[in-house]
Amino acid sequence: MSAQKDCEFLVKRARELVSDDPSAAKAWLITARTLYPADFNIQYEMYIIERNAERTASAGRLLYDMFINFPDQPVVWREIGVITAALRSDSQDKHAQFLRGLFETLPGRVQCEMLLKATEQCFNTLEKAEMLLLLLKRFPDSVVQHGINLGEKLLEAEASENVETPVNCFRKLFVCDVLPLVVNNMDMRLPASLMQKYMLKAAEFYIGYVTRGPSPDVQTQASQEGGSLKSPTVSRGSQRHVIDGLSEKSSVVAEPWERLLDILAVVGARCEWQGDKGQRSYVDMLQRVKELCRYLPGLEGDTRSRCCSQVVICAALVLFRSAFLYVSAVQPALFQGVNALSSGPWILVEDLSSVYNDVEMERGAVKHAHKKRKLADGREKTMSSDDEEGLGKGRGRHILVNKTEMPGWSETLDSFRTARESWELLHSHDGLETEFKKICASWKTDSWLWFRIFLTDTIIYQGQYRKALSSLHQMAAVQQPLPGQQSPSGQGSLEHHRALIQQASCHYALGEYRMACEKLLDVVGALMPPIQEATKTSEDQSRVKTRMRKGNDLRLLPCTTKAVLPFCLQLMLACFKLRAFTDIRDDLSLGHVVVLLQHDWPQGERLFLKTLEKICHQGSFQYENFFNYVTNIDMLEEFAYLRTPEGGRVQLELLPNQGMLIKHHTVTRGITKGVKEDFRLAMERQVSRCGENLFSVLHRFCINEKIIIIQSLP
C-alpha cells in the first residue's frame, strides 16, 4: 500500500512541476520509473509529458514500451485509437501530423501488430475496414492473409445494410482501395470467376458514381429559373457529392473511367484473356472483342467460356461508357458534375429538311401563271433548284446537327455510334446476350433513366418507332412535371416536352398524323414564342442551295423554344402536306399548309406554287381563317392575283361567312361587287400586318385552332 502511495506522490509532484520546470518533472518521473518499473501510471505520465511537448522520438519510445509491457491497459488503446484516427483522417493540422509522425517512429513489426490489435477492438464495420486497410497499404505482405477477407466483409456489410445504391461507403472502400491491392498482388492465386465477380462490382460502382444525379436543391433551383422552354443555367461542375459514411475528400473518385480500365487490364491479364494486355482505350477494346466474336462459334469448353466472358464484360463497359458520354451531351442536367451551363437537352427526331420539296410538282392541265415569274415571251419559268433525285433509303442513317450549337458534335455522334455497335455485338450471339442480360438484371439497368434515353434513341435510329413509342410513354410518365415545377421553364416540364416531341416524331414516321399533331400542339401550347423570328445561320441558308437527304435521316434538335417551335411547325406542315395534295379536295388542309408555309419563307415557295396550282385547278378555294393568320406579303399578292382575269378569276372565300353571304343574296345585283370591295379592303388591312412577329401569329394559330387542326386529320 505504501509503494502505491509513493508512486502516486511522485506522479503528483511531477505534474505540479511540469508547467514551471519540465526538466525537474522529468527527473522526478525517471526516478519513479527506476524505483517502480512495473507501475503503469508512472510510464503513462512520462508519455503524456513528451506527447504534450510534441517530442516525437521520445513519445514514440514510451508508447512502444507501454504497448509491449502494458498491452491490456484501456488507456493505452484509447491513445492508440487517437493515433490511428489521425492516420485515417485527411486533417493537416499540427497535432494530427505529430501523431502520424509518432506512429512512424515505431518499429514496423510493432506498427503491424498495433494495427491488427486495433482492428480487433473495432466494432464498427467501416472503422474496422479502414483500420485494416491501413495495415494492407503499409504492409503489402499482409494482403495475402487479409485482403480477400476484408473485401468479402465489405461486400457482406453492403448487403446487410440494404443500401439503395452501389455508390456507398462499403463499395467505395472495396473498389477504390482493397481491390487494386488484391488484383495487383501476384502472390495471390485467385479463381477467374472471383476476379470477374470483383470486376463487375467495380464496374457497377464506377458507372453508378459517374452517372449519379444532381442534388435535389440544385434541381429546385433549376425549376425556378425564368423564361420559356430552355436549359437550366446551373453549373453542375460546382456540386459536391458526399457518400454516406465518408468525408467529402474521401468521397471524390478521380478519373473513374481510367481507373476502371486499369482494373480491367489487370483482371484480363490474370484471367488470360486474349489481346493486348496493356489496353488503354475503350474503342480499341471494342475492336479486339469484335475480332474475337468471329471465332466464338468454333470454340468449346473453357476456352469458349473465357472468350464469352471477355467479350461480354469488355463490350458492356464500352457500351455503358459510350452511352453515358452520348446522354451527358444530349441531356446533361441528368448528371452531377456535368456542366449544363451552355447546353440543354437535345432531342433525336426525324429530319425535316426536305419538308418543302419532296412533293413532285405536278404538271396539271390548268396552271397558275405566277405573277412575278412570267417571262417576256409569256412562257413560265420552272423553279428547279431541287429537281434531282434524293439518295436511296438503303444506306445507313445520318444524324444531322447544327455544328455551331453543339461544339462537341463529332465526339457525341461517335459515342452514339460506338454504343450502338457495342449493343449490337452483345446481341449478336445467344450466349453473349444471356450473359449480358444477367449483368443488366444484377445492376437493375431498367431503372437507369439515362440508359433508357440511349436505348430509346437507338430504337428510333433503327426505325422501330412502335417500340420507341412504348419506351417514350414510360419515360413521359416518369418525367411528369412535379408540384412546383409546372412552369415551362421547370426541369420536369422540360423533360416532359422532350418525350412529347419524340413521340410526335415517331407518330409522324408511322403515318399517324393526328396523334403527331396532338403531341405537337401540347408542346406548342406551353411555349412562349420568341420576340422575333430567329435569323438564319449560314448553315441554315446553305440548305436552300443543297439537296438535303430524303426522309431517312435524323436530326439532333436543341430543346429550346428557338428550335422546338420551328420544328413543330415543320412537322405539322409535313402531316398536312400529304393530305392537302391528294386527288380529294380538302380546302381546310390546303389552307393550313398555306399558313404553315409562311415559316422559313421562301424555303416553301415551291410548295406554295403547287398549292396555287391546285387552287386554280379547283377554280375556287374556301378558308375563312386566311386573314387571321396569313401575313406574308408574297402570298397576299398571289391570292390577290388569283381573282384577276389574268390569274384565272378563281372564286376565293377567305372572309368569315363570305360563302353564306353570297348564297343568301344571289338575287341582289350589287352583292358580288360588295364582296369584291370587302375582299380588297381586307387585303389592304392585311398588308399592314406584314410586320407582325410571325412566330406570334403561328403560335396563335396553333393555340386557337387546335381542335380544328386535330379534327382535320384522319
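# Briefing on a predicted protein chain

Among contacts in the protein chain (contact means heavy atoms within 4.5 Å) between residues at least 6 apart in sequence, 74% join residues at least 24 apart. This is a predicted model, in which local features need pLDDT of at least 70 and side-chain atom pairs count only at pLDDT 80 or more, while totals for chains, interfaces and linings use all residues. Residues are numbered from 1 along each chain as its sequence is written, and side-chain values use heavy atoms, with hydrogens and water left out.

**Overall composition**

- The secondary structure of the protein chain comes to 32 helices and 5 strands; helices (H or I, at least four residues) and strands (E, at least two) are DSSP runs, numbered from the N terminus.
- Of the 714 residues in the protein chain, 51% are buried; buried means under 20% relative accessible area, exposed over 50%, and partly exposed in between, with a 1.4 Å probe and protein chains only.

- An open sheet is formed by 3 strands in the order 1-3-2, with mixed pairing; two strands pair if DSSP finds at least two bridges between them.
- Strand 1 (346–350) and strand 2 (399–400) stand at the edges with a single partner strand each, so one side of each is left without a neighbour in the sheet.
- In general, strands of a sheet pair through backbone hydrogen bonds, either parallel or antiparallel.
- Strand 1 and strand 3 run antiparallel and are joined by 5 bridges; Glu350 has Leu554 in strand 3 as its bridge partner.
- Strand 2 pairs with strand 3 (residues 554–558) in the parallel sense over 2 bridges.
- Leu554 in strand 3 is also the bridge partner of Ile399, and Leu400 stands opposite Arg555 in strand 3.

- Strand 3 is largely enclosed by the rest of the structure, because 5 of its 5 residues are buried.
- From strand 3, Leu554, Leu556 and Pro558 point one way, and Arg555 and Leu557 point the other way.
- Helix 24 (residues 561–580) lies across strand 1 and strand 3 and runs at about 135° to strand 3; axes are lines fitted to C-alpha atoms, for helices over the stretch in contact, and angles run from 0 to 180 degrees between N-to-C directions.

**Helix 24 with helix 25**

- The axes of helix 24 and helix 25 come within 9 Å and cross at roughly 145°.
- The crossing of helix 24 and helix 25 is left-handed; this term applies if the near helix is turned anticlockwise from the far one by less than a right angle, and right-handed if clockwise.
- Residues making the contact include Leu573 and Phe576 of helix 24 and Leu590 and Val593 of helix 25.
- The contact of helix 24 with helix 25 has 9 nonpolar, 2 polar and 2 charged residues; Ala, Val, Leu, Ile, Met, Phe, Trp, Tyr, Cys and Pro count as nonpolar, Asp, Glu, Lys and Arg as charged, and the others, Gly among them, as polar.

**Ser589**

- Ser589 is placed in helix 25 (residues 587–597) and is buried, with a relative accessible area of 0%.
- Leaving aside neighbours within four places in sequence, Ser589 is in contact with Phe576, Arg579, Ala580 and Ser712.

**Helix 15 with helix 17**

- The axes of helix 15 (residues 282–295) and helix 17 (residues 409–426) come within 11 Å and cross at roughly 25°.
- The crossing of helix 15 and helix 17 is left-handed.
- Leu286, Gln287, Val289, Lys290 and Cys293 in helix 15 meet Thr418, Glu421, Ser422 and Leu425 in helix 17.
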